[in-house]
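Subject: Structure handover

Hello,

I am passing on the structure we spoke about. The sequence and coordinates come first, and my notes follow.

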Amino acid sequence: MNVTALLNSLPGSIAQGLIWGIMALGLYISYKLLDYADLTVDGSLCTGGAVAAICIINGVSPWIAIIFAALAGMAAGAITGILHTALGIPAILSGILTQLALYSINMRIMGKANITVSVTEYDLLVSIRYNNKSIIIGVIFVAALVALMYWFFGTELGSALRATGNNPNMSRAQGINTNVIKVLGLTLSNGLVGLSGGLYAQYQGNADINMGRGAIVIGLASIIIGEVIIGARRSFAVKLTSAAIGSIIYYIVIAVVLWLGLSTQDLKLFSAVTVAVFLSIPYIKSNYKGRLALNIRREGRSNA
């Protein structure tokens, strides 16, 4: 096997991992902090990409385009939150409904299934043709977002969001309007997902109606991989950073398995298996430690 080909693909994997790491940061808010299984991300990622691409084609600066992409993602997250809190629709189903609606909305935004934004025609922020520049931009975005999130979740409002996810009943007893907080959390979460989609559309040079399919799996894989490798019992800033690092590791692993000969049509299966494996590791470890402690106690009693 040609090792050089693998090494040449690594900058692209790192760049792509950083862009999807922004999406993982968004999912971290809903999945880890808010304890909300939000499936909106599969649609809001494409919404961000579609909005950014349309803006760029119509002469808007790529920087402004990703702001609009983030706002579009925030709108999608707010809709999911309202469906859940105001209408009483279960968390998973509210995300599915928004995701389903976004398919038609994204088609309306783009006017067709795929639109191209070529780096030869537009001065894009990131591009698959310039991976070194894309890595630098990706690192800047991730570092800035981690710092901003670290600050926000240390404020009273951010602490209320974390408390709502940790114990909603106790939060309500403390006077926190948990419904408002849930809508806020989902809005912020999908805003980051939309931002990621806006950057990803620029990176790959097009916005496609299916670009967000499976995003929830990639995001979960990034978060879990980061936690398992770096450790869950770390400072909050390290936990946030680990989500982005997990995304980079995920795409490097993808590059390696493709280099080893895995068919691209099996990538979704590989992603699902990867998430299942890493999700089960903490459970297996806790069970092992529990059984080991039980055996030690039993041996102590028998020796006594």
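Asp 35 counts as exposed, because its relative accessibility is 59% and the cut-off for exposed is over 50%. Please keep in mind that this is a predicted model. Asp 35 sits in the loop between helix H1 (3–33) and helix H2 (41–57). Its backbone deserves a remark: phi of Asp 35 is near 55°, a positive value in a residue other than glycine. In general, most residues other than glycine have a negative phi.

Next, the aromatic residues. The count of aromatic pairs comes to seven. One of them joins Phe 152 and Phe 153, with ring centres 5.1 Å apart and planes at 75°. Planes over 60 degrees apart count as edge-to-face, so this pair is edge-to-face. Both Phe 152 and Phe 153 are buried.

Phe 153 also pairs with Phe 236, again edge-to-face, at 5.8 Å centre to centre and with 75° between the planes. This pair links distant parts of the chain, the two residues being 83 residues apart. Phe 153 lies in the loop between helix H5 (131–152) and helix H6 (156–166), while Phe 236 belongs to helix H10 (residues 236–259). Phe 153 has a relative accessible area of 2% and Phe 236 one of 11%; buried means under 20%, so Phe 153 is buried and so is Phe 236. Phe 236 has a charged neighbour as well: Arg 162 lies over the face of its ring, 4.2 Å from the ring centre.

Elsewhere, one aromatic cluster is formed by Trp 20, Tyr 200, Tyr 250 and Tyr 251.

The last item is helix H8 (residues 178–204). Just after H8 comes Gly 205, which takes a positive phi of about 85°.

H8 packs with helix H3 (residues 62–85) at an angle of about 145°, and the two axes are 6 Å apart. The crossing of H3 and H8 is right-handed. In this contact, 11 residues are nonpolar, 13 are polar and one is charged.

Regards

Note on methods:
Residues numbered from 1 in each chain as written. Predicted model: local features only at pLDDT ≥ 70, side-chain atom pairs only at ≥ 80, totals over all residues. Heavy atoms only, no water. Phe/Tyr/Trp six-rings, centres within 6.5 Å; stacked < 30°, edge-to-face > 60°. Buried < 20%, exposed > 50% of the residue type's maximum accessible area, 1.4 Å probe, protein only. Helix = DSSP H or I, 4+ residues; strand = E, 2+ residues; numbered from the N terminus. Lys NZ or Arg CZ within 6 Å of the ring centre and 35° of its normal. Axes fitted to C-alpha atoms, helices over the stretch in contact; angles between N-to-C directions. Left-handed = near helix turned anticlockwise from the far one by under 90°. Nonpolar A, V, L, I, M, F, W, Y, C, P; charged D, E, K, R; others polar.
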